Amino acid sequence: MAPAMREAEVAPLGHEGILRRQSARESAARTYARALPIVPVRARGLTIEGADGSRYLDCLSGAGTLALGHNHPVVLEAIRKVLDSGAPLHVLDLATPVKDAFTTELFRTLPSGFADHARVQFCGPAGTDAVEAALKLARAATGRTGVVAFSGAYHGMTAGALKASGGASDVRVARLPYPQDYRCPFGVGGDRGAELAARWTESLLDDPKSGVPTPAGMIVEPVQGEGGVIPARDDWMRRMRDITSARSIPLIVDEVQTGVGRTGTFWAVEHSGITPDVMVLSKAIGGSLPLAVVVYRDDLDVWEPGAHAGTFRGNQLAMAAGAATLAYVRENRLAERAARLGARMLAQLRGLAADFPCVGDVRGRGLMIGVELVDPVEPPESAAEAAGGTGGGPRPAAPDLAVAVQRECLRRGLIVELGGCHSSVVRLLPPLTITDEQANAVLDRLSDAVASVVATPTGLRVREVERGRRARPGESVRRAERTERIGRPEHGDIAGHRRATPPPRQRHS
């Protein structure tokens, strides 16, 4: 290779080679790498830079792990402090000052009344390990074996966690309806749908002929993430608490993705005001490093020594990074900011539904946001239509359209995730540190991506994006000018980063 070849010309070659080697060497189970053919080499806050020089706004955030974004200074400082101290990095479950500081900060953030009577078990490195521990704990404490979970749930990829998830094929867990407004299992939505779901739960648990004996525990997500960003109604969560308390069933709340300020309160259960029996925590509590714990009522602590363990349950770097993250979120009131900014982003995104019939629903809580894409041509689903849902019910999900929107987002320098039972929900999980200007850029790029994939026969116009474009009907000139200034990929200064180069057109498996 000629010495004079510029670095900018060399980098894309390395980028392509890395992607080819990944395709040839890694298993067919890889997921994100298929939809996001990028090679990250540097990152800070909301932004990622690829090996080919492309830059992106990251609204995946490690599937919600990066509460403070990439390489936040307080996280890096906490990690460096441990490394420079000479402290051991691997200690199993021995007590250390780092662990003590993490546990103290964690208990400081727990819902009111919970920390005073709580115990914590450090598990393996992932949320699914903590779910397994929680199920094992409930079975040991109650002497029962069954578990009740909810349709659409996702609790992890190990055997027990998968059985409690919505996609389980070998069902050994009783499945209950999870209420939602857009695709209500009873076709009514709202308060009535939540009430019917609660009554179904009571009937299933109390009917001796239901085939569901009293379970060891009930596990629920306050907001279903992988299920399509579906927030549980607060009154329904309170009903689940009442139902389980009355029947001595431990209530396990999975806060793996919803915790640490993500939904607008430090823990998502705080929206409903309930106190669970068990909380499953991971992702953001490790400050970007692997860490998972179960926190539970002390009267459930019936385990014998060694009843649950894990070689990497003493990750000192993760505990240091986690303590720094928890403290930063708490001290800077980032949960409250997530609530305010998330409400504004949801309101703006709901404007997409008026502009584009392919946007069926926009929902979320705090900075956990989902946009469900539907087929704008097909008629509403017959079941919902027969149930008398508003507007004839939701239209069929459009997973192909969602994939196209994700691809167009990437071309515009925006990384998003897909979710929902049909993978038709575009998900936004930006870090809690996202600025207002960055949030505007995210919304504009997503809006432009939706416009770019809208089919011409539907009668929907793709927006003009050339310089000096006109404002669309209903859009203020000020917003049009702002989009021109910051929302388009040609803009060169989003948090100090330049635009993303469109990814290569050839497909990478």
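**Terms and their grounds**

Modeller: F186, V188 and W200 make a nonpolar surface patch of about 280 Å². The model is predicted, with local features needing pLDDT of at least 70 and side-chain atom pairs counting only at pLDDT 80 or more. Residues are numbered from 1 along each chain, and side-chain values use heavy atoms.

Colleague: Why is F186 called partly exposed?

Modeller: The term covers what lies between buried (under 20% relative accessible area) and exposed (over 50%), with a 1.4 Å probe and protein chains only. F186 has a relative accessible area of 30%, so it is partly exposed. F186 lies in the loop between β6 (174–176) and α8 (190–206).

Colleague: What makes Y178 and W236 an aromatic pair that is edge-to-face?

Modeller: Rings of Phe, Tyr and Trp (its six-membered ring) pair if their centres lie within 6.5 Å; planes under 30 degrees apart count as stacked, over 60 as edge-to-face and the rest as tilted. For Y178 and W236 the values are 5.4 Å centre to centre and 65 degrees between the planes, so the pair is edge-to-face. Y178 lies in the loop between β6 and α8 and W236 in helix α9 (residues 234–246), so the pair ties together parts 58 residues apart in sequence.

Colleague: Why does Y178 count as buried?

Modeller: Y178 has 2% relative accessibility and therefore counts as buried. W236, at 1%, also counts as buried.

Colleague: Why is the pair of Y296 and W303 edge-to-face?

Modeller: The ring centres of Y296 and W303 are 6.1 Å apart and their planes stand at 75 degrees, so this pair is edge-to-face.

Definitions and conventions: Patches are made of residues with over 30% relative accessible area and no salt bridge: like charges are joined within 9 Å, nonpolar side chains (Val, Leu, Ile, Met, Phe, Trp, Tyr) within 5 Å. Accessible areas come from the Shrake-Rupley method with a 1.4 Å probe; for residues, only the protein chains shown count as cover. A salt bridge is a side-chain nitrogen of Lys or Arg within 4 Å of a carboxyl oxygen of Asp or Glu. Helices (H or I, at least four residues) and strands (E, at least two) are DSSP runs, numbered from the N terminus.
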